[in-house]
Amino acid sequence: MPRRLFVALWPDAKVRRELAMLQARSEMRAASGRTVPAKNIHMTLRFLGDVDASQQRALEARLAEFVFEPVTLTLDRVGYWPRSGILWLGLRKTPRSFNIAAQRLSTELRALGFRADGRGFKAHVTLARDAGPAKHFVFNPVTWHARDLVLAASERLPQGARYTVLVRSGTAKIDCIR
Ligand code: 2AM
């Protein structure tokens with residue numbers, strides 16, 4: 001059975017807590033919608049869609065070898081996409097090294113036959129779905145020392161999405177160090 005896969009940055013517990021605090025702000029709650037549970041929060045780098053078992057194995061092997069240099073992301077901007085009803089947190093300024101890493105990832109994925117959808121990458125963390133726009137408010141930016149790039153599977157269950165991390169980047173075993 002094919003699985004719905006995506007590549008994402010996975011926050012640590014501290015960042016998840018801070019993002020949950022932001023979601024709990026009255027200005028955010030007033031935008032209603034379905035708040036993404038803290039355990040599910042991530043930054044999608046590439047949605048891959050349905051992937052069969054052999055493609056999944058190839059992806060896992062590539063991702064395990066992929067070296068993602070940690071990057072500090074300053075999440076300082078709340079945004080809203082009316083068409084999709086997504087309330088998100090993003091960056092005013094994307095570090096150059098992060099854009100370069102995203103491009104390298106894209107090259108790796110292309111080599112495996114996964115082409116970008118052409119819409120371009122908009123770095124964001126979805127905080128709520130089926131939401132309305134949030135009123136303007138002042139908040140402390142969330143500083144995220146991102147280091148976990150993962151391949152994850154998504155299952156749509158009646159109780160909501162369930163995400164499973166399949167592999168983290170840079171985890172390939174080095175059998176022999178010269
Ligand atoms: P989002 O936070 O930007 O909405 C796993 O399903 C993740 O992949 C979701 O969190 C979503 O990221 C992204 N995703 C799901 N379906 C998608 C689609 N059809 N196109 C692009 N990204 C999608």
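Visitor: Leaving aside its neighbours within four places in sequence, which residues is Asp 148 in contact with?

Guide: This is a predicted model, in which local features need pLDDT of at least 70 and side-chain atom pairs count only at pLDDT 80 or more, while totals for chains, interfaces and linings use all residues. Residues are numbered from 1 along each chain as its sequence is written, and side-chain values use heavy atoms, with hydrogens and water left out. With contact meaning heavy atoms within 4.5 Å, and with neighbours within four places in sequence left aside, the partners of Asp 148 are Ala 8, Leu 9, Trp 10 and Arg 168.

Visitor: Which side chain does a polar contact of 3.1 Å join to that of Asp 148?

Guide: Asp 148 belongs to the loop between β8 (142-146) and β9 (149-157), strands being DSSP runs of E, at least two residues, numbered from the N terminus. A polar contact is a pair of N or O atoms within 3.5 Å, where within protein one must be able to donate a hydrogen and the other to accept it, and residues adjacent in sequence count only if both atoms are side-chain atoms. At 3.1 Å, the side chain joined to Asp 148 in this way is that of Arg 168.

Visitor: Which strand gives the most to the shell around the ligand?

Guide: Polar side-chain atoms lie 2.8 Å from a ligand oxygen atom for His 42 and 2.6 Å for Thr 126. At least two shell residues come from each of β1 (3-9), β3 (43-51) and β7 (124-129). With three residues, the strand that gives the most is β7.

Notes. Helix = DSSP H or I, 4+ residues; strand = E, 2+ residues; numbered from the N terminus.
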